[in-house]
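Colleague: Could you pick one part of this one and take a close look at it for me? I'd like the whole picture in one go, with your cut-offs spelled out.

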Amino acid sequence: MCETWCLANLLFYDSKLGMHFQNLIDAEQLEELQRQVTKDEINTLPLRRYEGRVEYVLSQEHADRAADVLEPQAVLGFDTETRPSFKKGRSYPPAILQLAGVNVVYLFRLKALRYPNRIWALLERPDVVKTGVAVRDDITGLGRIHPLDAQAFVDLGEVARHWGLKTSGLRTLAANLLRIRISKKAQCSNWSKVNLTRQQIDYAATDAWVSLQLHQAMKGLQLL
């Protein structure tokens, strides 16, 4: 019996996360992607960060202008950042929502928005794909802020696992598919602060941008 990732004419669809898989990739190419990528190999790759336009959104009015730009786009890179907790049993809702479009990444300070709003509506639209890694956790966190009927979310880690790839995290997928290294140093910094550091802005924008680049790479490889 064929495994879920084998070379058959397979189509898989998850209506809640909006994931589609068309099994047309070349077997030899797939085998290369399925290999383990070591930390030593990742450390030899060029360090990249997003170098395009970034807008840090601190008002509902700014969020509405961002929505004007994002609503017509077909695919958006997606991520959230949350203040880390170092006490057992304590957790925080996401502080930052990142959406990457063509030529711009928006970082939304979630406490600055009114709910419901056009950005929330965008997350619920079935005709705009939102793509990232471990999106289930992000969606759950966003639901703690305001009810969210998430639609058309693609989890790139789930896509990778579907194909038998040993790389399913954002950093390892970037190394495997894009041949770049991204920094995770700011991951556990304090995202609840209004004034983000340059390192935090670069980190947050890069994660959403890389998600969009990975989505495009997977489409090109016919993994999506």
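Modeller: Let's start just after helix 7, where Arg179 takes a positive phi of about 60 degrees. Helix 7 itself covers residues 170-178, and that's the part I'd zoom in on. For the naming, helices (H or I, at least four residues) and strands (E, at least two) are DSSP runs, numbered from the N terminus.

Some ground rules before the details. This is a predicted model, in which local features need pLDDT of at least 70 and side-chain atom pairs count only at pLDDT 80 or more, while totals for chains, interfaces and linings use all residues. Residues are numbered from 1 along each chain as its sequence is written, and side-chain values use heavy atoms, with hydrogens and water left out. As for pLDDT, the predictor's confidence in each residue from 0 to 100, the protein averages 87, and 89% of the residues score at least 70. Treat residues 1-22 separately: pLDDT stays under 50 there, although the model has 60 contacts for them beyond four places in sequence. Contact here means heavy atoms within 4.5 Å.

Back to helix 7. Its buried residues are Leu170, Leu173, Ala174, Ala175, Asn176 and Leu177, where buried means under 20% relative accessible area, exposed over 50% and partly exposed in between (1.4 Å probe, protein chains only). An α-helix has 3.6 residues a turn, so residues three or four places apart point the same way. The buried set packs against helix 1 (27-33), helix 2 (39-44), helix 6 (156-162) and helix 8 (198-220).

Take helix 8 among those partners. The axes of helix 7 and helix 8 come within 10 Å and cross at roughly 45 degrees. That makes the pair oblique: angles under 35 degrees count as roughly parallel, over 145 as roughly antiparallel, 65 to 115 as roughly perpendicular and the rest as oblique. The axes are lines fitted to C-alpha atoms, for helices over the stretch in contact, and angles run from 0 to 180 degrees between N-to-C directions. The crossing of helix 7 and helix 8 is also left-handed, i.e. the near helix is turned anticlockwise from the far one by less than a right angle (clockwise would be right-handed).

Who meets whom? From helix 7 come Leu170, Leu173, Ala174, Leu177 and Leu178, and from helix 8 Asp207, Val210, Ser211, Gln213, Leu214, Ala217 and Met218. The residues of this contact divide into 9 nonpolar, 2 polar and 1 charged; Ala, Val, Leu, Ile, Met, Phe, Trp, Tyr, Cys and Pro count as nonpolar, Asp, Glu, Lys and Arg as charged, and the others, Gly among them, as polar.

For context, the protein has 8 helices and 8 strands, and 48% of its 224 residues count as buried. Of the contacts with a separation of 6 or more, 69% are between residues 24 or more positions apart.

Ala152 has one of about 60 degrees although it is not a glycine; Ala152 sits in the loop between helix 5 (135-143) and strand 8 (153-155) and is buried, with a relative accessible area of 8%. Asn103, also not a glycine, has a positive phi of about 75 degrees, but counts as exposed at 62% relative accessibility.
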